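Please read the following points alongside the sequence and the coordinates.

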Amino acid sequence: MVTVLFYTLAAITLATTVLCLTRNNPVHAVLYLVQALFALALLYFMLGAPLLAAWQVILYAGAIMVLFLFVIMLFEPPVADKRTSGRLTHWFFPVMLGGLLLACGGALIAMDPAAKASLSSYWLTPRDYGRALFERYALAVEIISLILLFAAVGAFHLGRRYRSTTKEDVS
Amino acid sequence: MTGDMLLALLPLLVLFIGSVSVLFVPERQALVYGVVCALLAAVLAWWPWLSVASDTPLVSSGFFARGCLTLWALLGAATCLLSERYRASRQFAAPEFAALVLFCVFGMSVLSASTSLVSLFLGLEAMTLAFYVLIAFDRGNTTGAEAGLKYLLPGFLASALLAFGIALVYAATGTFVLSDTVALTVAGASMHTIALLGWTLILAAIAFKASLAPFHLWTPDVYQGAPAPVAGLLASGSKGAVFALLLASVPLALIAPLRPLLAVLAALSMIVGTFAALPQTNLKRMLAYSSVVHMGYMVLAVLTGHQVGFEAGMFYLVSYGAATVAAFGLVASLSGPSGEPQNYAALEGLAARSPWRAALLTMLLLSLAGFPPLAGFMGKFVLFSAALDAGYVWLVVLALFSSLVSCYYYLRPVMRLFRSGQTAADHGPANGGERLVLGLCGIILVIAGIYPGPILRMIAAIVP
Amino acid sequence: MMGELLFLIPLLPLGGALVILFAGGRMPRRMLSGVAIASVAASAAMTLWLWPLAGDRTRATLFTWLDVGALQLPVEILFSPLAAAMTLMVTVVSALIHVYAASYLHHEPDIRRFFTLFNLFVFAMLVIVLADNLLLLFLGWEGVGFCSYALIGFWYRNPDFAAAGRKAFLVTRAADVLFGIALLWLFRLTGTLSIEAINLQAASLPPTTVTILALLLLAGACGKSAQLPFSSWLPDAMAGPTPVSALIHAATMVTAGVYLLCRMFPLISLSAIALAVIGLIGAATAFYGATCALVQRDIKKVLAYSTISQVGYMFLAVGAGTVTGAMFHLLTHAFFKALLFMVAGAVIHLAAGEQDLFRLGQLSKRSPTLFWLLLVGALALAGVPLTAGFFSKDAILAACFARQTLWWTSLGIAGLVTAFLTALYAIRLVYLLAADRESASGHGPAPRGLVWPLLPLGALALVGGLLNLPAVWGGHETLGRWLETPAGALPSHDLEWGLAAATLLLVAGAWLFIRNRYRVPPTVSPGGAGVSFLAAGWQLDSLIRVIITAPFEKIGCLLEKSVERRLSATWPAGLGRLCQVTGQSWRVLTSGYVSHYLAAMAWGMVLLLAMLVVLLVL
């Protein structure tokens, strides 16, 4: 059962990623990506990392993707395509993949409603996770925080409005 | 994290603290502050009672790591010194610039010192991120922004390849520790094919960072668009850090199936770089293709797979780095309000206008071409003989051929220098920092060419 | 620790050269020449002070210049007795000649260039002498070659002089190539460039190889020492200022070839053929030089041919197996030949630049001191019994005869004949210079600076024989014992007495002959064909031109027209164009579109993965 679930979820991840890459409509692409991230979260859960799965849903699917959508909406309000909106093919893939995802999630919950028995041979508790992150890989976390800081510095510099200078200087 | 570990990582900490604190330093003093921080890190790396070797996680604190950190810190200091002219005349936010350069040095140091795939990835990303911004730093220059984008997008692809490769290697070997992953792959891990696939992906990412053909196409555009000091740091430091990693901690040549791949990358880089450099009329683009060729030579050092070859490779890096930094530094020092003198035509008659800089540029190009008695010759000599010992005769023949042809494209700008041109000088005299950096690089090239013994011994002492 | 001080011996002259080069422009002339003299004199003093180190064959390494795999190039010197003796001679004679040069070039405007090169020469020569590494020795070898070139052509505004410098450089370079081949070959065979190590390993090399190597080394030595067939540059080299001729082309550089053979003697002596060839070349050159010296009219050319001839004796000695004899003659020759050259310089100075023997004269009246010094030098050159030259020359001849084979006996007889000729031209020189005739007049008495450096040399030329007085004469062969070098076959006492008597007879005969001929100052007369043949050095120059230079030029022209033009113009141009076109077409790849770059990366990835798959499947 677990094996079947694993391959189903893997197939969903691949399919949604490919669809995300090939869509012309950015909103559709982002929505497919959300599906891919959900599928990934379920995979994490099956592999014994519930905390990671939760973060995947909260951070990536929840926060970042919503941010993406907002940015897209801000810059380029989507125009509803009247010709295709009613067709079945238009709805088929999202509905099917979403349904499969829901089914998988339901199956996982049904198999272990209290999250007591471990589905995988290894079960990473949030405590273990924190240990790994802030003991073994503390340095890595620090470096990542630095990278983010300097990404912000760089973005600030590149995006900042400077006083207009003498433009003749510039080649 | 014990106190010993913190002490062992002190140079890195200095770079980190310096890169953050420089943001609060006034515009005029920021570059100098950056230089001081970089030099302080370099000195602390060798301060006797601070250089305790501790079993630090993720990054090593051994002699090799310290030596590399010193090199990158010196390069960073040189970059800051060479940028003074830009700060004065362009839209250059000096504090941000110095901070990014220091952070870049931090990333290179983490990369070359990394003992784990995690720190490898993070170091590479830190360095690359700083470069994305540094390349596009001159906001008045639209080609700079374009160049930044051209580094950014392929860089994302390379990062993705690297991350995927790391995941596969981890899946196959079950560890992030570099020495273990290599050893397990060599020993034939349970998922040998997966491990090899992972290494190939990592190799591709590294080939992008080191601009090996066919992953090199970004190089000329980026060098051309980036401010010259940044291009110098990119050409010497980023590639140097990648190769320092390959020479010290990831001996890819030990994994037998990867050797032909490396050999093909080396051969392609030499051939493509050489031919593409021939018709160039832009100094920075020519240097870009020349760096592709030189990185092809460096792969020879990786391929040797033994101590002597690695030492030769490090020596070559030093000689190449000094020449490259000085060449881009010269371009920076010759730039005026109308931009950098990138085209050969703009260099015409330089020998009459500023004889010292013309002589130095000649020397640098001759060293890159491998003329005795300069460092480039000695570097090629030790490198090629090490590769010959390792049995890569055809690659050495190819390398000799390419360095023969290279004389053509290196000497072309030199000839223009001494032609009496009518171009008016719009650059001022070299300032103190530029003189210091250029002079030091020139001295290093001469000394390493005439009397390489001490440098070779120092390298032999730190290469693990 | 003392060993490291040995490096000061060569480095002091180098320092002097650098100081003069960089600061000489701001120094007064006296100070400039003072620096030059002091640096060389300090070097001589240093040698004397460190003399005890030679007994233990002290070895000192300054630093390792190159250390790449098998190639180890330590900058290392070996202060063996042989090197010590040579060092002392070089430094002392150099110091004296420096003093002499300071007053000789009193009116020369550009003494800064002169003394820079002169000091540099001493440095390079000391590198040759002290180096224990063939490559280092080769550097010194080329260094002295360069200094010699630059000093011969010192008055480069005269095109003849400049041409003489070029000729010297080219001829010695031709020989150096052969030496270089020997050097690389030795490195390939033994894996080391240390002379000591090579000599130790020499016995294990195949005999034919040793012979060829020895002959290659001989060729190199012949070039530097102006032996046949490379001798033609030395007479022309007299174009340089006389101190240069005295130091470089008489006392030191031309003997470097002999010194090289002495250092490599353990290797060379393994090949009987090579020794025979060395002896033959030595004897032939000695005879050749003596015959040419007989008829020269230029005082310096007499001495130049005489040098060729005397260095020939040294080669003969090496061939006969007596390194001691060679070194002994090298030292005594350095004393008396430097003395003769400097006397000649003083004479020329007195006669306002006149060098023709038939226009000089009255030396005994105008400067008795110079005359006596000339006499001492000439007697030593002629080998008059009890002078330095007598003992050293007899030792060589005795070693030849003591071999008691037909080959060496005949070479010994050739040596005896040459000794007679030597006596002839040496005494002729004295007679011509002393001749009572209307001579070119110049400035008054010789300056003191020109005379007093000659006095020690005169003394050494007289009593230098004591250095290695043979047992027959009640000596202890001090030099031979000190050097610990092979002395060759031991001559019997009868042989030595016989030789001494023969020498005495020959010198007496020569004196009588010359006295008859030159007692009345001879008029200038164009000699016969024989004389002009000898005067032109047996037409060696024309011979070389006909045999080597002319065909070379012809072939060169031919090749230039047929092959060269294609190789250097047509084909490379085509190849270059091909490369250019390739480069241009590949330039399209760098289109500037990021999407193309990404595609290229993807294709690169595909390439790598395809290779990996192929490798794994195979």
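1. How many residues of chain A are in contact with chain B, and how many of chain B with chain A? In this predicted model, 20 residues of chain A are in contact with 30 residues of chain B, where contact means that the C-beta atoms of two residues, placed from the backbone, lie within 7 Å. Because the model is predicted, local features need pLDDT of at least 70 and side-chain atom pairs count only at pLDDT 80 or more, whereas totals for chains, interfaces and linings use all residues. Residues are numbered from 1 along each chain as its sequence is written, while chains are lettered from A and ligands numbered from 1 in the order in which they are written.

2. On the side of chain A that touches chain B, the largest share, 13 residues, comes from helix α7 (residues 138-159) of chain A. Helices (H or I, at least four residues) and strands (E, at least two) are DSSP runs, numbered from the N terminus. This side of chain A divides into 14 nonpolar, four polar and two charged residues, with Ala, Val, Leu, Ile, Met, Phe, Trp, Tyr, Cys and Pro counted as nonpolar, Asp, Glu, Lys and Arg as charged, and the others, Gly among them, as polar.

3. Chain A itself has seven helices and zero strands. Of its 171 residues, 19% are buried, that is, have 20 or more other C-beta atoms, placed from the backbone, within 10 Å of their own. Among the contacts in chain A with a separation of 6 or more, 66% are between residues 24 or more positions apart.

4. Of the two pairs of chains in contact, chains B and C share the most contacts, and no contact joins chain A and chain C, whose closest C-alpha atoms lie 15 Å apart. The contact of chains B and C takes 33 residues from chain B and 31 residues from chain C. On the chain C side, α27(C) gives the most, with 14 residues, and the division there is 20 nonpolar, nine polar and two charged.

5. Within chain B, the axes of helix α7 (residues 117-135) and helix α8 (residues 142-173) come within 9 Å and cross at roughly 170°; axes are lines fitted to C-alpha atoms, for helices over the stretch in contact, and angles run from 0 to 180 degrees between N-to-C directions. The crossing angle therefore makes α7(B) roughly antiparallel to α8(B), a term for angles over 145 degrees. The residues of this helix contact divide into 14 nonpolar, five polar and one charged, including B:F121 and B:F131 in α7(B) and B:L152 and B:I166 in α8(B).

Key: A residue is buried if 20 or more other C-beta atoms lie within 10 Å of its own, exposed if 12 or fewer, and partly exposed in between; C-beta atoms are placed from the backbone. Angles under 35 degrees count as roughly parallel, over 145 as roughly antiparallel, 65 to 115 as roughly perpendicular and the rest as oblique.
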